[in-house]
Amino acid sequence: MTWIPGRTGFRYGGDYNPEQWSSEVWAEDIRLMQDAGVNLVSIGIFSWVMLEPREGEYDFSFLDEIIGMLSDAGIDIDLATPTAAPPAWFWKAYPDSHPVLRDGTRLGFGSRGMVSPSSPDYRRAATAIASKLAERYGTHPAVVMWHVHNEYGAPISDSYDDNSVTAFRAWLRTRYGTLDTLNRAWGTQFWGQTYGEWDEIDAPRQSASVSNQAQRLDFQRFTSDALLACFTAERDAIRAHSDRPITTNFMATNCPSVDYWKWAKEVDIVANDHYLAAERTDNHVMLAMDADLTRSLAASEPWILMEHSSSAVNWQPRNIAKRPGELARNSLQHVARGCDAVMFFQFRASRYGAEKFHSAMLPHAGTNSRVWREVVGLGGELASLSEVAGSRVSARVAIVWSIESFWAMDLDWRPSADLDHRERIEAFYSSLWRRGVTVDFVHPSADLTGYAAVFAPSLYLLADAEAANIREYVAGGGILAVSYFSGIVMANDEVPAGAYPGQLREVLGLAVHEFLPLRDGELVTLDTGATGSVWADDIVLTGAEAVANYTNGPAASGVAITRNRHGRGAAHYVSTTLASVDLDRFVESVLDDAGVAHAVLPDGLEIVTRESESQRVRFLLNHSDDAIEYEGNQVEGGAVFVVRENADAVPHYGA
Ligand code: GLA
């Protein structure tokens, strides 16, 4: 099941939290939803206490009524399990379920968010309410899909409570079998940490100095698995009574604690929440990156934008309102990158509580407002584009995305505080974006053979099989580009024997004898005129050719950029943070090597193509304020053009 059965065309709507309002307001909301073309709403996300006011006592009258009203109005329901907001009675009865932070702080009630994922009481209570909901509504014709929980992993994920410690030990027994194996994997001989009994092992809570890094890495893996087990338990409870697709909302590039490659295999449809980091002036590029990762997690099947905002959020340092037209442009940008459902948080703006200053589809200002008019406008645009739904986006270039590598690189005591994998991925992605190159993200063990070029910015950790996969890709004819501090450690954060980067030495045809991190703000120069910062390596060539050398700095006259022929392909290496224009030259040289077409697009212009067997549709999105002339189309500032092959451009929104 990869889409909602029987539903074609775009889905449009948002979270609806009717518990805030009287039933007269519900009737008005439903009329307004119809005016805006809303055809799907997520309900019940935080309704646990209304549905189960006391443990084991259920009252579905509220849901019966609202589901009946939505259903009569022809609006589909994405029914949530309310397990991200356990009721006060739960916390009173099961205080051991409160999450505990690494520093020992036990969190309290009065908000929402995750319980200790390893609490057996939570697991029992959550699956019970999920099961009751599915029993009652699992075959209701208007309940077309399930929304389990809300944003697993946010706002916190890892918990150091007693239940988590017990579950962590069990997880380690499964992973390692014996304590000897665990002691070896964690390198516990160093600093005298050897374990003689399983119950000596603790969660890696705050300690006097740096905690064992392999232990922390395993705790991250364990936490992702423990959260996933919460999801699959609820999913299976629902599945016993309902055949509708089941999902949970991801936060693709923004959830540091969950391995979505694993999770994506467990959901029927990939759904994602995305919020702009509004203050960034390149937030449209970051939106594209998030959408591309989401599409990649969905293995290019259509996906759902489960939440975004109509305008400002309320949780950033400065909550910047969207400019006129931005609501539709952001939405269509997700659509251009493969999404088939555009949803917002939330339908009607709250008047009290934590999110009263968060924008909504229907703002406090009411229907006579710019935001509402744009919401209604977007409903019409999506309806007019309905034949695009179901078509695909394809990419010839990929960037490796490994959350395990992120986790490992973020641990303490790395060679430089300036090492930043996320910054490197963003820099490479941005360069490709400016060249109109559509990018997939891939797990390091994925089949890479379909890609002309694969970029690995800051891929610090590579398990043996992953390194072999990358070597085979190049040997088979692939073009690989690697940036510094990649392939440095294996699965347990251990350095392989020999010079760096042990996991990529052979494919890169070089050996790094020493890391040469630069001082804060220090710049180095290459003999091509390029500028580098942050890092340099002491490189010894073992087969690669030097493409550029350093003229100064700690690696003066040493090698900076290389290319190595390996089998039928080639691997490029860059050992410093190149200035943006110089990184562009490097990226271009890799694309040329791979035979991938690229052209510098006018500033702010984005072009993406969606294709099906019967049609090819190009989205031209102008993120700048000024009109852009492109291939005979005048794309107004802020506008989106949708160009159907062999047809005239259709201006879809903007100036
Ligand atoms: C998250 C949550 C929503 C809401 C929004 C606000 O995505 O899932 O419930 O809090 O943030 O931006």
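Glu 151 is found in the loop between β4 and α6, where helices (H or I, at least four residues) and strands (E, at least two) are DSSP runs numbered from the N terminus. Phi of Glu 151 is near 50°, a positive value in a residue other than glycine. The loop between β4 (143-147) and α6 also holds Pro 155.

The model is a predicted one, in which local features need pLDDT of at least 70 and side-chain atom pairs count only at pLDDT 80 or more, whereas totals for chains, interfaces and linings use all residues. Residues are numbered from 1 along each chain as its sequence is written, and side-chain values use heavy atoms, with hydrogens and water left out.

| Peptide bond | Omega | Location of the proline |
|---|---|---|
| Ala 154 to Pro 155 | about -5° | loop between β4 (143-147) and α6 |
| Tyr 500 to Pro 501 | near -20° | loop between β13 (479-483) and α16 (505-508) |

The domain assignment divides the protein chain into domain 1 (11-171 + 223-388), domain 2 (397-594) and domain 3 (605-653); such bounds come from an automatic or database domain assignment. Taken over C-alpha atoms, the centres of domain 1 and domain 3 are 31 Å apart. Contact (heavy atoms within 4.5 Å) involves 20 residues of domain 1 and 17 residues of domain 3.

The size of an interface is often given as the accessible area lost when the parts come together. Between domain 1 and domain 3 the buried area is about 1700 Å², and carbon and sulfur atoms give 56% of it; this is the accessible area (1.4 Å probe) that two parts lose on being put together, summed over both. On the side of domain 1, Arg 329, Ala 336 and Val 388 lose the most area to domain 3, together 33% of what that side buries.

Ten residue pairs are in polar contact across the interface of domain 1 and domain 3, both residues being at pLDDT 80 or more. A polar contact is a pair of N or O atoms within 3.5 Å; within protein, one must be able to donate a hydrogen and the other to accept it, and residues adjacent in sequence count only if both atoms are side-chain atoms. The elements giving two or more residues to the side of domain 1 that touches domain 3 are α10 (283-297), α11 (326-336), β9 (339-344) and α12 (370-384). Of these, α11 supplies the largest share, six residues.

Four salt bridges are counted between domain 1 and domain 3, each a side-chain nitrogen of Lys or Arg within 4 Å of a carboxyl oxygen of Asp or Glu. The side chains of Asp 625 and Arg 323 form a salt bridge at 3.9 Å, N to O. The whole structure has 43 salt bridges. In the salt bridge of Glu 606 with Arg 337, the closest N and O atoms are 2.7 Å apart. This pair links distant parts of the chain, 269 residues apart: Glu 606 lies in strand β22 (residues 605-611), and Arg 337 in the loop between α11 and β9.
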